[in-house]
Amino acid sequence: MQCQRVSDFLIAASYLSIPLELLYFASCADPAPLKWLLLQLAAFAVLGGATHLLAVFSLAHPHSSGLLLASTAAKLLAALVSFATAVSLVALIPRLIRAKLREAFLRAKARQLDHDLGLIRRRVEATSRVVRMLTHRIRSSPLDAHSILHTTMLHLADALELHSCAVWMPGRDAGDDLHLVHQLSLRGKGPVRIVLGSQAPISPDDPDVLDVMASEAAKVLRPGSELATASSGELQPPGAVAAIRIPMLKVSNFDGRKTPVASSYAILVMALRSKASGSGSREWSGHDLEVVQVIADQVAVALSHAAVLEEWQAMSDRLAEQNRALVHAKQDAMMATEGINSIQSAMCDGMRRPMYSIIGLLSMVRQAEDMRPEQRLVADAIARTSTLSLALMNDVDTETLTVNRMPFDLRSLMREAMSVAGCLASCGGAGFSYQLENALPEWVVGDETRVFHLLLQMAGDVLGRRRDGAGRLSFSIKSCSADQKDCIPVWPNLSAGCSICVEFQVAMERSTGCSQPPSSPAGSQINMCKKIVQMMNGTMWSASDGESITLILHFQLQQSRACRRTSSSIPHFNGLRILLADGDRMSRAVTQKLLEQLGCQAISVSSGAHCLALLGSAGSSFQLLLLDLDMDAFEVALQIRGLKNRRWLLIVAALAVTVDDSIREMCRHSGINGLIQKPLTLTALGAQLHRVLRN
């Protein structure tokens, strides 16, 4: 009884677990074809398990009518479900057999596909190996079109066992005939080159040529093709012949597009080797044609690289030639510039030296007390004009423009400018008049040389514009308001620290009936004047007809008592013995006259060597040495300081360069006691000698 009870319980548990397993199967797969069968099996398992479970309870209570009724119902339902399941299995078994047969058929197909895939993979690997080998050979060949094609034919014939291989190229134009440029044929152990020149060209209208040129893929030529026959030369091809086009790219084909379009194509013709047994000939397979097509693409890439390299080399040669020409031109330009600078410096120096002498002579003339006012005005105007010419030469020599702001007598400057402008107008055959406002201050701060230059330039431009001799040059100088464009005259405040705005206007008053148009002035002079005006914070413009020019400048006022030019007494040196060393004869004579005017006893020599020889003699008794030898003065001063009997001698140097810290340092090392900047005037020379002697 216990064994039956345990057995029924285990059977019931097993039956009841079957629906759970079927439910798990239905969740993992699609049970659509077996849906009803799964339901029947689940019902059969549930009812069978319920029957055995009721049997367990019936053994414990054998006389219970309810358990008996439930067991009877469960067995009846189990019988019905079992019968239905058995019938369904009878109908399902043939379907399962057919599925099994189909599965076996599919397995056989899968094995066949695996076998074919293995063959394809081995074929692809062999193709890739051949392509890699040929690509490596092509890329490692010299970057020359003929070398690339020869290397391609050589290794392609070895890889595909070709009988012959040839390359046909068109002429320079796209429609020219095709000419045989490369040919290889198998003789003995390997391919060898054949002598070219005996093959006739092929017309581009040949059917085989047109067929090959029309497609990127390799084409198998028909038997008896003219292209195949001409490619083999005297040796008839024993195997099938294939051909493919190869793009001949140039640098001009790369116009920014992703895929360049070739302007011309070459044709690669290949003939297979016959079979060893002699039974028939080999044919071109799709695999071989694919290899040829890939190699043709690699050859096109290599040829494009060779074309780019060839063009780059040609361009590099042209650029190198241009660079050599540019270097040669640069050297010529540098030599010409140095020559121009040397000539310009020599011209400026040649003009500057006489100007120094003129300024020195004028400084003596202006000291004369018996001069009439008009004579003094002429002397002052000539001195100012000489100073202006010297400043312009310095501008040309240094190629820079500078503004030196110092107090100056504005009224005196205007009188001198008017006298020079009147001379210019008289020389040009024109009249002259001017209006000078009495309210103008006497002393202002500015660059008198630049103002004088601007006024003379304005007068010259207005005079240069006219084409006839009629007319009158008029000057108008007046003070104006700085904040009004129409420049209304005002009475300026003459106290220190204030400023004044002065308007200068130059115009040409023409005679009645004169209608000739004015000529245009020189552009470089106008540009230079405008630059000077801009540096002086002024404004300059001309009228629309070009016959009047207006200039407005701002000046700072100065007290006339603090800046009035006084006739300071020139020192007299009472027979001071001076040795003058100057290489320029005119400058030497003028400087000697200046020294004599100062009361000195001057003896002049023409060079530093003469100066050293004279100072080295025992009988010389000079108290001061004036060196006007430019930069050679430092070397002469050093040699003089080396003389034992002349170490105490006072030395003054005259230089034409701008005195700065470096020049002063050179003077200190050379033992020069005083330095005076050219031009030498009577006042400046006397003041410098007085300072040196006092120190």
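**Labels and their cut-offs**

Me: Why is N574 called exposed?
Reply: N574 has 64% relative accessibility. Exposed means over 50% relative accessible area, buried under 20% and partly exposed in between, with a 1.4 Å probe and protein chains only. The value for N574 is therefore in the exposed class. N574 lies in the loop between α12 (560-563) and β14 (577-582), and its phi is positive, about 50°, although it is not a glycine.

Me: What kind of model is this, and which features need a pLDDT of at least 70?
Reply: This is a predicted model, in which local features need pLDDT of at least 70 and side-chain atom pairs count only at 80 or more, while totals for chains, interfaces and linings use all residues. Residues are numbered from 1 along each chain as its sequence is written, and side-chain values use heavy atoms, leaving out hydrogens and water.

Me: What is the mean pLDDT of the chain, and where does pLDDT stay under 50?
Reply: pLDDT is the predictor's confidence in each residue, from 0 to 100. The chain has a mean of 78, and 82% of its residues reach 70 or more. Over residues 484-496 pLDDT stays under 50, and there the model has 26 contacts beyond four places in sequence. Where pLDDT is low, the predicted coordinates should not be read in detail.

Me: How many helices and strands are there, and what makes a run of residues count as a helix or a strand?
Reply: The chain has 17 helices and 18 strands. Both are DSSP runs numbered from the N terminus: helices are H or I with at least four residues, strands are E with at least two. Buried residues make up 37% of the 695 in the chain.

Me: Why is N537 called exposed, and what is its phi?
Reply: The relative accessible area of N537 is 55%, so N537 is exposed. The loop between α11 (523-535) and β12 (539-542) holds N537. Its phi is near 60°, a positive value in a residue other than glycine. Most residues other than glycine have a negative phi, and most peptide bonds are trans.

Me: What kind of peptide bond joins K678 and P679?
Reply: A cis peptide bond, with omega about 5°. P679 is in the loop between β18 (674-677) and α17 (682-694).

Me: What makes Q505 partly exposed, and which residues is Q505 in contact with?
Reply: Q505 has 28% relative accessibility, so it counts as partly exposed. Q505 is in strand β11 (residues 499-509). Contact means heavy atoms within 4.5 Å. Leaving aside neighbours within four places in sequence, Q505 is in contact with S474, F475, S476, I549 and T550. I477 is 28 residues from Q505 along the chain, with 6.6 Å between their C-alpha atoms.

Me: Why are α8 and α10 called roughly perpendicular?
Reply: The axes of α8 (residues 373-398) and α10 (residues 448-465) cross at roughly 95° and come within 10 Å. Axes are lines fitted to C-alpha atoms, for helices over the stretch in contact, and angles run from 0 to 180 degrees between N-to-C directions. Under 35 degrees counts as roughly parallel, over 145 as roughly antiparallel, 65 to 115 as roughly perpendicular and the rest as oblique. The two helices are therefore roughly perpendicular.

Me: Which residues make that contact between α8 and α10?
Reply: From α8 they are R384, T385, T387, L388, A391, L392 and D395, and from α10 they are E448, T449, R450, F452, H453 and L456. They divide into 5 nonpolar, 4 polar and 4 charged. Here Ala, Val, Leu, Ile, Met, Phe, Trp, Tyr, Cys and Pro count as nonpolar, Asp, Glu, Lys and Arg as charged, and the others, Gly among them, as polar.

Me: How do you know that L22 counts as buried?
Reply: At 18% relative accessibility, L22 counts as buried. L22 lies in helix α1 (residues 2-28) and touches L38, L41 and A42, not counting residues up to four places away in sequence. The C-alpha atoms of L22 and L41 are 8.6 Å apart.

Me: Why does A43 count as partly exposed?
Reply: A43, in helix α2 (residues 35-60), counts as partly exposed because its relative accessibility is 30%.
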